[in-house]
Structures are given as C-alpha cells and as structure tokens.
Amino acid sequence: MATIRDVAELAGVSPATVSRVVNGLVGYSEETRIRVETAVKSLSYETDYFARGLKTRQTSVIGLLAPMVSDALTSQVMQGVESEAQERGYAVMLGRTGAKSAYIAGYLRTLRTYRAAGVILISSVITQETRQLLGPNVPVISVAISDKTGSPSVAINDEQAAYDATRHLLRLGHRRIGLLAGNDASVYVAQPRKRGYERAMAEAGCTPAIATGTFFYESGAACIDELLQQDPGLTAFFAMSDEMGAAAINELQRRGFRVPEDVSVLGFDNTSTSLHVNPQLSTMAQPLVDMGRTAVKKLLRARDLGPQIMAHGLIERGSTARVNIPGSASAAPEN
C-alpha cells in the first residue's frame, strides 16, 4: 500500500504538501496540486482514513480535545498540533468538550471506534475513566497541564513560573503585588501558580493580596476591584492568564491609573491576547506552539509518553516598569 512519503517522492514535494493537498488545505501552487493528485491516482494512494484503519488497525487521525476552542491558549496549542500532524501525514479531529464529562466521554468513545492514532487533551488531565474509554490501543497525552503523577503530558512547571514572575516584579521594586488568580478548583494549574506567588512574596517579607476569579477576561475587572479594596496601595498586579491581565490593564485605565507609570501588570501564557492591549502586556511565556508539536511527536512514538517539562520564560513589554511610589495606585484618582 502506498504511503504519503511515496506520493511525496513521486510528486517531488514534501509529505506536508501532500497532506495539505489531500485534505483540501491551502499553501501550494496549482501546478503542485496537479502533480500531487496525479501521483495519488498513479499510486492508488488510500485517503479514506477509516478504510486505512481497517488494514492497519489504526487510522491516520489524531483526536484533539479542548474545553474551549476559541481561547488564545487553545488556538496556539492547536497550531503546533496541526502543523506537526500534517507534516507527518496525519489529520486532526477537533472536539470542544466544555465542562461536561458526557461530551468528553462521547468524543473518547468515537475516537476509540475510529481507531485514532492517539488523543491529545488540552488543559485536561488523564483520568482512569479516560483510559478505560479509549482502551489499551489508543495512546493519550495532556498539554498545558500536568497532574504530577507521571501521566503522559507536556507542560511547564507552573509553580516555578509563577514564582519567577513574582520575583521579576519584586526585582522592579514592587512590594505590594496583587494576584489575579484562577479558580482554586484548578488544582493542577491555579493552585501551583498561587503557591509560586505566595512563596516569592513570603521570601521577600511581603503580604499577599489575592482575588480569585476564572482564567478568562470577564473576571479581570472584578478581581481588580476586589484587590484595590484589599489594598489601595498596590503597585503591581500579576494575573494568572493573559486574558485576565488584559482585562486588568483596561480596568485600571478606566479608573484613571496609568500603566506602567502608576501600576505594573504582568500576565501569563504569552498568547496573542498579550499583544492586543495598550500597552502590550508583559507576560510569563509558555511555549504553546512547541508544546503542541512535542505532544504529537511523543504520541506517535508511543514509547516516550512520560511527562515532559518545557521551559518557561519572561517576555517584557510595556505594561511593567520599576516601582514609582509617588505615582502608585493609592495616589491615582478613582471614578
């Protein structure tokens, strides 16, 4: 049976280009399309994924499941997953699970029946139920979250990243730093980031100020309001996501604070959201695209499905600066 590499060699293109043509994607010339389609017909290349699965006991499909598909974090992980999968001749089946376990179970059963080559979970840990629903022949891996038990995953060290982010604000001279936290029910992301912030503040002899919301934009303004009620003299804010950080900048400016002259704001993730606010948001970066690519590589190797910790890094933009006590939040006007 002809493979995608056979087609690529005959057509004089890369396997990634063959994948784009047979899947109807863009990124090639009309001449290239004709060469690839001619090679496909000449070699009788099988593009029916389910028919291929009947022969090989595995289709060239990777399942990608996420609670939301419209948020910036998921979008960047998806970019990495799709790029790596297509380069290897695999298609990606995307499913939005929301918060409903029934949706997740339904997708997992379908992917098992479909004989998927593997499943990638974004921001969801692998449970015993997950493994039971997929069965022993469909590998699974998590991205952007790690349960610390050795389950297959690609993530950063969230606690250390939050510690490093808080330490950066402390090095800028800030001592009154508020935390915009995600829901404490997020034991594998929000809680480690909270511990990192608290550890850095304790080492510096500073008092924590924490407001808990969600990771999404809508809770940012409410968290700012709560934090300023706790301590009107805060000079910096660390948000557990870029969406919360962007909301914090907008809300602080609405109240008359200048960013970063009066207050600094630091986000988390380095998603596209960090660039769509003025000033642009400084952030603790996760290598989200690379994490998606790495997950596909590990998934297809199958023998290398242990946890992998990726490097995080600070991206400095215009929303952070050295502390300016005379122009701090306590001196700024309120509406």
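Predicted model: local features only at pLDDT ≥ 70, side-chain atom pairs only at ≥ 80, totals over all residues.
Helix α8 meets helix α9 through Asp-158, Glu-159, Gln-160, Ala-162, Tyr-163, Thr-166, Arg-167 and Leu-170, which touch Pro-192, Arg-193, Arg-195, Gly-196, Tyr-197, Arg-199, Ala-200, Met-201 and Glu-203 on the α9 side. Contact here is a matter of heavy atoms within 4.5 Å, and helices (H or I, at least four residues) and strands (E, at least two) are DSSP runs, numbered from the N terminus. Sorted by type, the residues of this contact come out as seven nonpolar, three polar and seven charged.

Residues are numbered from 1 along each chain as its sequence is written, and side-chain values use heavy atoms, with hydrogens and water left out.

Back to the helix pair: α8 spans residues 158-171 and α9 spans residues 190-203, and their axes come within 7 Å and cross at roughly 40 degrees. Axes are lines fitted to C-alpha atoms, for helices over the stretch in contact, and angles run from 0 to 180 degrees between N-to-C directions. The two helices are therefore oblique to each other, given that angles under 35 degrees count as roughly parallel, over 145 as roughly antiparallel, 65 to 115 as roughly perpendicular and the rest as oblique. The crossing of α8 and α9 is right-handed, that is, the near helix is turned clockwise from the far one by less than a right angle.

As for the chain as a whole, it has 12 helices and 12 strands. Of its 335 residues, 51% count as buried, where buried means under 20% relative accessible area, exposed over 50%, and partly exposed in between (1.4 Å probe, protein chains only). Among contacts between residues at least 6 apart in sequence, 70% join residues at least 24 apart.

Helix α2 (residues 15-22) is largely enclosed by the rest of the structure, because six of its eight residues are buried. Those are Pro-15, Ala-16, Thr-17, Val-18, Ser-19 and Val-21. The buried residues of α2 pack against α1 (4-11), α3 (30-43) and α5 (72-87).

Thr-294, in helix α12 (residues 288-301), is also worth a look. With 13% relative accessibility, Thr-294 counts as buried. Leaving aside residues up to four places away in sequence, Thr-294 touches Val-154, Gln-308 and Met-310.

Val-259 to Pro-260 is a cis peptide bond with omega near 10 degrees, and Pro-260 sits in the loop between α11 (242-254) and β9 (264-269). Asn-278 and Pro-279 are likewise joined by a cis peptide bond, with omega about 0 degrees; Pro-279 falls in the loop between β9 and β10 (282-285).

Then there are the positive phi values. Ser-123, not a glycine, has a positive phi of about 60 degrees and lies in the loop between β3 (118-122) and α7 (128-134). At 34% relative accessibility, Ser-123 counts as partly exposed. Asp-269 is not a glycine either, yet has a positive phi of about 125 degrees. Asp-269 belongs to strand β9 and, at 6% relative accessibility, counts as buried.

Note on methods
Nonpolar A, V, L, I, M, F, W, Y, C, P; charged D, E, K, R; others polar.
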